[in-house]
Amino acid sequence: MAEEFELDQEILVEFIKETLEELDGLDPKFIALEKNPKDMEVLNAIFRTMHSIKGSSAFFNLNHIRNFAHKLEFLLDDLRKGARTATKDIINVLLRGKDRLDHMLNRLASGDMEVTHTPDEAALLKQVENILASKEEAAKEIKPHQVFLEIDKLRLDLATDGLIDKEPVERLLEQIERLREAVLGPEARPSGEAAPPLGKMLIQQGLISEEDVEEALTKQKKLGEILVEEGKVTPEAVERAASDQRQQAREIAEAKKKKEPTPIAGLKKTMRIEEEKIDSFMDVVGELIINAEVFNYLQKKLEGGMDIEKSVMEFKNANVDFSELIFNLQKGLAEVRKVSIKGIFQKLPRMVRDLAEAIGKKADIEIRGEDLLLDKSLFEQLESPLNHIIRNAVDHGLEAPDVRQAAGKNPMGRVEVIAEETKGEFVIRIRDDGKGMDAAKLRAKAVEKGVITAAQADTMPDKEAYKLIFAPGFSTAEKVTDVSGRGVGMDVVMTTLKENKGKVDISTTLGKGTEFTLSLPLSNTLITISGLVVAVGKEKYIVPMEWIRESIHPSRQQVSSVKTKGEIVQIRDHIYPLIRLHEVFGVTPKHKHPWNSVVMVIDREGLQCCLMVDEIIEETQVVLKDLGKMFHHIPGILGGAILGDGNVGLVVNIEGLLRTDARSYADH
Amino acid sequence: MARVLIIDDSGFQRSVIRMMLQKDGHETIEAPTGTEGIAAARTKSPQVILLDLLMPDMTGVEVLKTLRAENNTTPVVVVTADIQETTRKECMNLGAVGFVNKPVKGDNLAHLLKLVKLYSA
């Protein structure tokens, strides 16, 4: 029995993984189907997936999944046979059905073996059943409001294609409105949507402001207060009931915690790797084994004390080979860790579609570069910031269709997402053709929210002002609407990028649109740095070579103290601020005076200084190691590295060091 | 025992069948597409072929037709969920020796193992 169980467990894991993967691939297919309802290839692919989920779930008697997939399969079969067309409503049901299946699978993965539907799953299933039952009815009976809804959709299409202002079209639409009023009554709204809430209408009519509404909402009384005022219950009774209510809420929460099922083992983070990639490693490993043999042979030779000079030469050669092999191994491993960004990008069309629909906008998304590869951990971290910016672009960037039309734009908004690799960087651009950002407004709002002071706002360049939208606490709107919200704000973008040494740039034109550029350094997991190992007191640091122009022993006359600038070093006709590395890191130096020490001249990207250290030990190649989150906030440290002698050295972040030291800017 | 070729695009389904067959002492070869299945049928000389009908690159019926057109007479058992009567007839005309319903467990599994034993003898 036990063996059977293990067997089941193993294939259950396989089932969950495979099904989740298949579901992941469905969204873009649904969207494609919506655009082209007659695409048989897409329809067949979706049908096959649903069919296979149905079949596989039956193996484990997972009847809730099986029934659900079965009903969706029926619906898809109708579409395949042409008995029904894939309208927006049907696509909506299919999309939500896929989401529900995803939930069921995830419940299963978390160890929940219950084979029943949640209320919303049951409701959706009912909806599917209703659609299936409405086979003939739909064709026969004409429902006037349905017809007008279709007309409204056509109207939007006409607007999209710029055909709406043609005179005969206009007149036709007028006549249709008259017909609508006659059939549905005068209160039928042309858009066919529900009327907006009272507060919103009053704001639109310019009678009150948004703040007025918010204030009024906070003044709304609670049920208990009203009942007490009207003398229906005593205040004590309300308080008792409220206290009971809190107690019950706690108990429910606790009971839920206790019942927490254990996740199914074996569903660990995994990645698929092509066999070919792994095979290439074997070659390198084979050469390493030979290399190790050479070292063995040399060790014996050296122990015998023979031919020292020749052995040293041989040793050097073996060492070069070794470094090269290690480098290849490192490069290969970085390659293996890469995954296609399609995994993120294929979810975007659905997200944009759902969001645009929820807020009454029209948006089209174009994606380029989805075949690029990216390191897996970077990939995982990138998803949330990317989603945030795109949601933001649709929610705040794109205008409503009528506003766009009034501005002479295509009512259909456009979002482009482009991934590319340039100069050792991975870049994702998110471009929208919306209303653009207003730096002055952003500054004013940031001051109002207390994100920056008025003085800071005055000197802040536009390019920095745009980035205010990433500041924590800047945007509250996002947390209220459930559109861009989901508990985290735009500040997640900045945090994630900073943690990965990436950056974000924003360029925007009022009325034309905004472009976000996210850039991340490539090969983030293994960065090799060539640098100088320097000693300061008992400590060793690595200074990246690219920053060092020269190293000198300054004379006493070259060093002086200037009141406003502190210590400076004059080299030829140039003056550099002096930074004592021992002061930066709080260690005791061997030499107190610059004229006894070594000074490294830094001059790059407009950043200049002289960096004082005790001595330069050697030139080295090291692999940069991330020291963890605690060190991310120390501006002077890039990371750690294992030195040739086995000790750990800190790699100095020159840029971070100088940008926080105002003096190094002084002369520019 | 027998060398069995499993042609099915679902890795999960292949695993299920593979485990059951191996437990019964058979050797298995797997192909995730119809094209790879045909290639394996040509080169790996299986004694029995288990064939799924719904696959992305080509249908099981097409796989059967291709094999028969090259005079490959390896016994083929169709393994699928709810097969239509017309398809069943088409498969039988193409010389399929048996049909097994998914899920492959219980009676269905017993039927499959019986068929494999019968046609590999």
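Biologist: Which helix gives the largest share of the lining of the largest cavity?
Modeller: This is a predicted model, where local features need pLDDT of at least 70, side-chain atom pairs count only at pLDDT 80 or more, and totals for chains, interfaces and linings use all residues; side-chain values use heavy atoms, without hydrogens and water. Residues are numbered from 1 along each chain as its sequence is written, with chains lettered from A and ligands numbered from 1 in the order in which they are written. A cavity is a set of points on a 1 Å grid over the protein atoms alone where a 1.4 Å probe fits but cannot get out, and lining residues have an atom within 4 Å of a point. Five lining residues come from one helix (a DSSP run of H or I, at least four residues), namely residues 40–59 of chain A, which is helix 3.

Biologist: What is the volume of the largest cavity?
Modeller: The whole structure holds six cavities of 30 Å³ or more. A volume is the space filled by probe spheres set on the grid points, which are joined across faces, edges and corners. For the largest cavity the volume is about 100 Å³.

Biologist: Which residues lie nearest the centre of the largest cavity?
Modeller: By class, its lining has two nonpolar, seven polar and five charged residues. Of the 14 lining residues, those nearest the centre are A:His51, A:Ser52, B:Asp52, B:Leu54 and B:Lys102.

Biologist: How many salt bridges does the rule find across the interface of chain A and chain B?
Modeller: Contact (heavy atoms within 4.5 Å) takes 18 residues from chain A and 17 residues from chain B. A salt bridge needs a side-chain nitrogen of Lys or Arg within 4 Å of a carboxyl oxygen of Asp or Glu. Over all chains there are 51, but across this interface the number is zero.

Biologist: How many residues apart in sequence are the parts that A:Lys347 and A:Glu383 tie together?
Modeller: Their side chains meet in a salt bridge (3.3 Å, N to O). A:Lys347 lies in the loop between helix 16 (342–345) and helix 17 (348–358) of chain A, and A:Glu383 in helix 18 (residues 376–397) of chain A, so the separation in sequence of the parts tied together is 36 residues.

Terms used: On a 1 Å grid over the protein atoms alone, a cavity is a set of points where a 1.4 Å probe fits but cannot get out, and a pocket is an open set with protein on both sides within 12 Å along at least five of seven lines; lining residues have an atom within 4 Å of a point. Helices (H or I, at least four residues) and strands (E, at least two) are DSSP runs, numbered from the N terminus. Ala, Val, Leu, Ile, Met, Phe, Trp, Tyr, Cys and Pro count as nonpolar, Asp, Glu, Lys and Arg as charged, and the others, Gly among them, as polar.
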